[in-house]
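Let's learn to read a protein model together, one feature at a time. Keep the sequence and the structure open as we talk.

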Amino acid sequence: MPPAVTLAPFPWTDVWGQDDAVAALRTAASDPSALSHAWLITGPPGSGRSTLAYAFAAALVADSPDDEHTMRQVFAGTHPDVTALRTDKVIITIKEARSLVERSYFAPSAGRYRVIVVEDADRMVERTSNVLLKALEEPPENTVWILCAPSEADLLPTIRSRVRPLRLREPDVDDVTRLIVQRTGADEVTAEQAARHSQRHIGMAQRLATDDAARQRRDTTLRSVLGVRGVGSAVEVAGHIIQAATDDAKALTAERDAAERASLLRTVGIAEGQAVPPALRSQISALEDDQKKRATRSLRDGIDRVLTDLQSMFRDVVMLQYGRGEDLINRELRDDLSAMAHAWSVTRTLVVLDHLAETRESLERNVAPTLALESLLVTVASGRKP
């Protein structure tokens, strides 16, 4: 059993491996001279950006480090002085940004500060980012903004110049393994494999360690791509990948969608199975529209995870081609990857990796996922971009 992960006291107990960041924010929460009006927490997916942001928000609104009741309100999403924007959609809308700015000008009603948390701030397009500029440029007294994004480069320079950056470190595989064993009770071998396959993404590692089906889907996807030999098989495998990602997205969102619809119907006094009056249909339609956008985001995220897994596999091939086989992400596929490394030139592998990056960019521009994957897998089969 690996040693337990040492954690900071509440509200920082769910933040791990980020001692420097926690120390900086604990100081800022207790010392006004160390507090900036706006922060940008950056780090790779799964590094704990949002977890750290809410711990900081809790520490800011609490009257003292012992005010656990107030801090738990923040984590429950019920504290009136903390406004959070989480989006399951493709982008953050201008309407949502304007609502945040309006809230930022309210004086704190119960806590020491009003705190605005924006998860996935990188999902703001330029026009939306500009809505925040004035609030960040001329911050209201006792309001603190906390933005989260993968990197500073994901935000406009005008935004970056108005925030204090805080970069989270990337955990190593051993760190994530210890945490997964501690959190889930998974055996060390499964936890290490999950940490490695997720490329140290904590949330994904936890899912892989506890979900046999997710592990099997990943393995099947990688092996099917290794077996692509021509245009026909490229089209077939692309279809299977899209279907698997679609099924996975539906599984992740279906229960939440049903619960939201049931909650809305209860709120407006409509019994299960009862017809929705015309006057209320617009509310149902608005909910369904939001759920469709979330489903689109969930599917894109699922396909993006597949691309991340494929990048790890072809990265391993390059490592083997350069004689660096001791640090493979996909050790379980070593024999197949070694065979590919000997059969392919380094140039061919790099062409595939370039096309993987281009595919990710294409999907962000709303290119049809099936066509994008078919094109990528044709490159895998031929060594040339279509």
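Q: Which backbone oxygen lies 3.4 Å from a polar atom of the side chain of Q321?

A: The backbone oxygen of S345 does. A polar contact here is a pair of N or O atoms within 3.5 Å; within protein, one must be able to donate a hydrogen and the other to accept it, and residues adjacent in sequence count only if both atoms are side-chain atoms. The side chain of Q321 also reaches the backbone oxygen of A341, at 3.4 Å. A word on the source: this is a predicted model, where local features need pLDDT of at least 70 and side-chain atom pairs count only at pLDDT 80 or more, while totals for chains, interfaces and linings use all residues. Residues are numbered from 1 along each chain as its sequence is written, and side-chain values use heavy atoms, with hydrogens and water left out.

Q: Where is Q321 found, and what is Q321 in contact with?

A: Q321 belongs to helix α12 (residues 281–321); helices (H or I, at least four residues) and strands (E, at least two) are DSSP runs, numbered from the N terminus. Contact means heavy atoms within 4.5 Å. Leaving aside neighbours within four places in sequence, Q321 is in contact with M340, A341, W344, S345, V346 and T349.

Q: How many residues has the largest nonpolar core?

A: In soluble globular proteins, nonpolar side chains tend to be buried together. A nonpolar core is a set of buried Ala, Val, Leu, Ile, Met, Phe, Trp, Tyr and Cys residues joined through side-chain atoms within 4.5 Å. Buried means under 20% relative accessible area, exposed over 50%, partly exposed in between (1.4 Å probe, protein chains only). Here the largest core has 36 residues, and V225, L310 and M313 are among those with the most contacts inside it. Helix α12 gives the most to this core, with 10 residues. Apart from it lies another core, of 32 residues, including W12 and A55.

Q: How many aromatic pairs are there, and how do I read one?

A: Rings of Phe, Tyr and Trp (its six-membered ring) pair if their centres lie within 6.5 Å; planes under 30 degrees apart count as stacked, over 60 as edge-to-face and the rest as tilted. The count comes to 3 aromatic pairs. W39 and F56 are edge-to-face, with 5.3 Å centre to centre and 80 degrees between the planes. This pair links W39 in strand β1 (residues 38–42) to F56 in helix α2 (residues 49–61), 17 residues apart. F314 and W344 are stacked, at 5.9 Å centre to centre and 10 degrees between the planes. F314 lies in helix α12 and W344 in the loop between α13 and α14, so the pair ties together parts that are 30 residues apart in sequence. Both F314 and W344 are buried.

Q: What is the order of the strands in the open sheet?

A: Strands of a sheet pair through backbone hydrogen bonds, either parallel or antiparallel. Two strands count as paired if DSSP finds at least two bridges between them. This open sheet of 5 strands has the order β2-β3-β4-β1-β5, with parallel pairing. At the edges stand β2 (82–85) and β5 (164–167), each with a single partner strand, so one side of each is left without a neighbour in the sheet. Strand β3 (residues 114–118) is joined to β4 (residues 143–149) by 5 bridges, and V117 stands opposite I146 in β4.
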